[in-house]
Each structure stands twice: as structure tokens, then as C-alpha cells.
Amino acid sequence: MALGARFNELFERWAEEYDSAVSGGHPEYREVFEGYAEILKTVVNELALPPGSTILEFGPGTGNLSRLLVAAGYRVIGVEPSAAMRAQAAAKVPELELVEGHFLSVPDSVPTVDGIVSTWAFHHLTDEEKDRALADMTRLLRPGGKIVFADTVFVDEQAREAFQKEAEDRGFLELAEDLRREFYPVIGRLEESFRKAGFLVQFRRMNRYVWLMSATIA
Ligand SMILES: C[S@@+](CC[C@H](N)C(=O)[O-])C[C@H]1O[C@@H](n2cnc3c(N)ncnc32)[C@H](O)[C@@H]1O
């Protein structure tokens, strides 16, 4: 299936309920989204670029991070494949410049930027696609630019399997299927993706599932 459309149906259906899920309304995803608001704030703080800087956000969803970025004084361009998510984000953050696209398909109209951010979205790419996306980002970023991501990452294969089994044992079948279906990376392989693309990256754990990734050009 083409990458742009791979998980699109899921997000078209999820758009209206999404904000309830991130605030604890979906019991299976409570740990995945634990500290959601704090994690978004940490992404903005970690970016620490001068006000007026241009930030590219991949997969803004309903616009919760976009809203904080706009409030911090940034120009924000959101690349979002789901029309339903774009509609939610546009209603919430009128200042957000939204374009249809995805990690591997950024419209030519998007300029080079000072920072690239993404939360709970990079795992939609396979490891090889993550390599390509990060290589593309080196061309999108201006000198001195930064990447800050937050997403589910596993320490190693053993941890990934343990989390899958735990979800099944808890009867969290939706989460268990998600953990098998999507491309949640292990930290070593993700570090390699950043390094191969020419980035220096640092990882910091945010909750049981989510890690903050902060990268600059080496
Ligand atoms: C779990 S939501 C996260 C939304 C938001 N970033 C947040 O933190 O609440 C994932 C978002 O990524 C988008 N997405 C899925 N595949 C994508 C891709 N290949 N490139 C960019 N965005 C993608 C989805 O449409 C959805 O809006």
C-alpha cells in the first residue's frame, strides 16, 4: 500500500475521538499517552529557537502541538495526510499552515525550515522509510536547524515483545494489534537512522512508551 494512504483510514475514523484518547479516555492507550500535555510542552522547550523561526510539523493530527508552537511565536507548517485530521487542526489552530502530504512526500511549496517536529507519528514508517525521511530532512533544514520528535520506541526486541505480550495479557487487544501492525522502532536502529543521515541525536524517556529525540546536524 502507498505510504501516504497506509494508515489513513484509521485516522479518518479516529479524528473526532482523538483528543479524548490523548487525555485518558481510551483505557488501552492511557500509558501510551501518559503525560501527553507535558510531553508536548517538552518538545516546544527543547526546540528553543528564536521566535519567528519556521517549524515544520509532520502529522500534526488535531493540532495540539501546533497550538503550543504558534503560542511560542513560531510560524508553523503542518504536513498531514488525513483530511479529517486537517479539518480538526484547522478549526483549533487557524494560524497553522496545513498542507496535504507525509514524511516522504513534502510539497515543493514548503520552504526550508529552522526546526522539524513530530509527536506520535514517526512509527508509521518502516525502518528503511525512516532512513529516507531523515535524509530528506537534512535538505529541508536550514543550517543550525533542529529535529525534536516524541514517539513510542522500545529499548530492544525483547522489550518490544514483552510490551506486546503485556497488552495481550491485559486484554488490550486493540493496542496489541497496533503494536504488531505499526513500525515501532528499537532505539539502536533509530539511532543508526539519525547517524546515517548525518545527525547527532539524544534520547530521553518520557513515559513507559514514549521517548524524546532531539537531533542536530553533526
Ligand atoms: C497518533 S496521531 C498523532 C497526532 C499529533 N501529532 C499528536 O501528537 O497528538 C498520528 C498522526 O500522524 C499522521 N500520519 C500518519 N502517517 C503519516 C505519515 N506517513 N506522515 C505524516 N503523518 C502521518 C496521522 O494522520 C495522524 O494525524
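## Aromatic rings and the ligand site

Phenylalanine 33 counts as buried, because its relative accessibility is 5%, and buried means under 20%. This value, like the others in this report, was computed from a predicted model. Tyrosine 36 also counts as buried, with a relative accessibility of 12%.

A pair of aromatic rings is described by the distance of the centres and the angle of the planes. In this structure the count comes to 20 aromatic pairs. One of them joins phenylalanine 33 to tyrosine 36, with the ring centres 5.9 Å apart and 80° between the planes, an arrangement that is edge-to-face. Phenylalanine 33 also pairs with tryptophan 120, where the centres are 5.4 Å apart and the planes stand at 40°, so this pair is tilted.

The space that the ligand takes is the largest pocket.

| Residue | Protein atom | Distance to a ligand oxygen atom |
|---|---|---|
| Tyrosine 36 | N or O atom in the side chain | 2.5 Å |
| Threonine 119 | polar side-chain atom | 2.6 Å |
| Glycine 61 | backbone N or O atom | 3.5 Å |

Of the 590 Å² of accessible area that the ligand has on its own, the protein covers 97%.

Taken together, tyrosine 36 belongs to both parts of this picture, as its ring forms an edge-to-face pair with phenylalanine 33, while an N or O atom in its side chain lies 2.5 Å from an oxygen atom of the ligand.

Key:
Residues are numbered from 1 along each chain as its sequence is written. This is a predicted model: local features need pLDDT of at least 70, side-chain atom pairs count only at pLDDT 80 or more; totals for chains, interfaces and linings use all residues. Side-chain values use heavy atoms; hydrogens and water are left out. A polar contact is a pair of N or O atoms within 3.5 Å; within protein, one must be able to donate a hydrogen and the other to accept it, and residues adjacent in sequence count only if both atoms are side-chain atoms. Accessible areas come from the Shrake-Rupley method with a 1.4 Å probe; for residues, only the protein chains shown count as cover. On a 1 Å grid over the protein atoms alone, a cavity is a set of points where a 1.4 Å probe fits but cannot get out, and a pocket is an open set with protein on both sides within 12 Å along at least five of seven lines; lining residues have an atom within 4 Å of a point. A molecule sits in a cavity or pocket if more than half of its atoms lie within 2 Å of its grid points. Rings of Phe, Tyr and Trp (its six-membered ring) pair if their centres lie within 6.5 Å; planes under 30 degrees apart count as stacked, over 60 as edge-to-face and the rest as tilted. Buried means under 20% relative accessible area, exposed over 50%, partly exposed in between (1.4 Å probe, protein chains only).
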